[in-house]
Amino acid sequence: QIKEVVAYATARGITVVPEIEMPGHSRAAIAAYPALSCTGETLPVPHTWGVVGDVRCPTEATFAFLEDVLTEVLALFPSRYIHIGGDEVPKERWRACTACQEIIRREQLADEHQLQRWFTARIGRWLEERGRVLIGWDEILDGGLPAGATVQAWQGSDRITAALAAGADVIASPSEWVYLNGPASSLPLSRVLQFD
């Protein structure tokens with residue numbers, strides 16, 4: 001089915017960019033593979049929308065899993081760009097995790113925000129070795145922009161400015177103008193059309 005969608009889009013000059021969320025927004029994967037989390041607990045798949053505290057633990061086993069998933073994604077999507085999300089990553093589990101704190105010490109990172117940068121940079125290098133470019137939501141700026149990453153600025157126009165100042169290529173999709181995930185009454189088309 002994915003191949004059909006990609007072929008349909010390609011025939012119309014459209015590139016389909018996949019988004020495989022990491023390290024947050026991962027509760028469904030953690031429910032299926034508890035070892036990907038910092039606790040190893042068996043957790044249910046959430047049935048509601050929102051941010052949950054369970055995130056992928058940046059262990060070697062997690063990176064092996066993600067590389068396997070991304071290998072399959074790259075085979076299906078010829079897009080130069082691969083979106084990894086990187087948004088809304090609560091840091092509580094990482095603060096309490098012995099393995100995460102050891103990585104922070106070993107890599108001489110300042111905090112969990114830099115741990116997320118380290119995580120993102122590692123995935124970015126893996127993608128770059130395969131001729132692809134990482135896109136992440138603007139939270140990948142927090143803790144320092146990983147080299148070569150493209151930033152999709154969504155939290156506001158100020159994040160576009162911050163991403164440009166960091167030297168990133170930017171996809172401008174600030175929520176106050178074009179983030180179309182709510183009812184039309186909250187962001188009318190007339191406002192969207194005014195975005196410059």
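The charged end of Arg-122 sits over the ring of Phe-63, at 3.9 Å from the ring centre, where such a placement requires NZ of Lys or CZ of Arg within 6 Å of the ring centre and within 35 degrees of the ring normal. Arg-191 has its charged end over the ring of Trp-177, also 3.9 Å from the centre. The model described here is a predicted one, in which local features need pLDDT of at least 70 and side-chain atom pairs count only at pLDDT 80 or more, while totals for chains, interfaces and linings use all residues. Residues are numbered from 1 along each chain as its sequence is written, and side-chain values use heavy atoms, with hydrogens and water left out.

**Aromatic pairs**

Phe-63 also belongs to a cluster in which ring pairs link it with Trp-118 and Phe-119. The structure holds seven aromatic pairs, a pair being two rings of Phe, Tyr or Trp (its six-membered ring) with centres within 6.5 Å, called stacked when the planes are under 30 degrees apart, edge-to-face when over 60, and tilted for the rest. One of them joins Tyr-33 and Phe-65, whose ring centres are 5.0 Å apart and whose planes meet at 55°, so the pair is tilted. Because Tyr-33 lies in the loop between helix 2 and helix 3 and Phe-65 in helix 3, this pair ties together parts that are 32 residues apart in sequence; helices (H or I, at least four residues) and strands (E, at least two) are DSSP runs numbered from the N terminus. Tyr-33 is partly exposed at 48% relative accessibility, on a scale where buried means under 20% relative accessible area, exposed over 50%, and partly exposed in between (1.4 Å probe, protein chains only).

The rings of Trp-154 and Tyr-179 form another tilted pair, with centres 5.2 Å apart and planes at 35°. Trp-154 lies in the loop between strand 4 (150–153) and helix 7 (157–165), and Tyr-179 in the loop between helix 8 (175–178) and helix 9 (189–192), so the pair ties together parts that are 25 residues apart in sequence. Trp-154 counts as buried at 13% relative accessibility, whereas Tyr-179 counts as partly exposed at 25%. Leaving aside neighbours within four places in sequence, Tyr-179 is in contact (heavy atoms within 4.5 Å) with Trp-137, Trp-154, Ser-173, Pro-174 and Leu-187.

**Core and helix 3**

The largest nonpolar core has 38 residues, and those with the most contacts inside it are Leu-115, Ile-123 and Leu-127; such a core is a set of buried Ala, Val, Leu, Ile, Met, Phe, Trp, Tyr and Cys residues joined through side-chain atoms within 4.5 Å. The elements that give two or more residues to this core are helix 2 (27–32), helix 3 (60–76), strand 2 (81–85), helix 5 (98–106) and helix 6 (112–128). Not counting residues up to four places away in sequence, Leu-127 touches Leu-70, Leu-74, Ile-82, Ile-84, Arg-132 and Leu-134.

Helix 3 has 17 residues and reaches 25 Å from its first C-alpha to its last, close to the 24 Å expected at 1.5 Å a residue, the expected span being 1.5 Å times one less than the number of residues. Within helix 3, Thr-62, Phe-63, Phe-65, Leu-66, Leu-70, Val-73 and Leu-74 are buried, and the buried residues of this helix pack against strand 1 (19–22), strand 2 and helix 6.

**Salt bridges**

A search of the whole structure finds ten salt bridges, each defined as a side-chain nitrogen of Lys or Arg within 4 Å of a carboxyl oxygen of Asp or Glu. The table gives some of them.

| Residues | Closest N to O distance |
|---|---|
| Arg-105 and Glu-102 | 3.4 Å |

Arg-27 and Asp-54 are both buried, and together with Arg-93 they are linked in a network of salt bridges. Arg-105 and Glu-102 are three residues apart in helix 5, and are therefore separated by about one helical turn; Arg-105 is exposed, with a relative accessible area of 53%, and Glu-102 is partly exposed at 39%. In the remaining row, Asp-138 counts as buried at 0% relative accessibility, and Arg-159 is buried with a relative accessible area of 16%.
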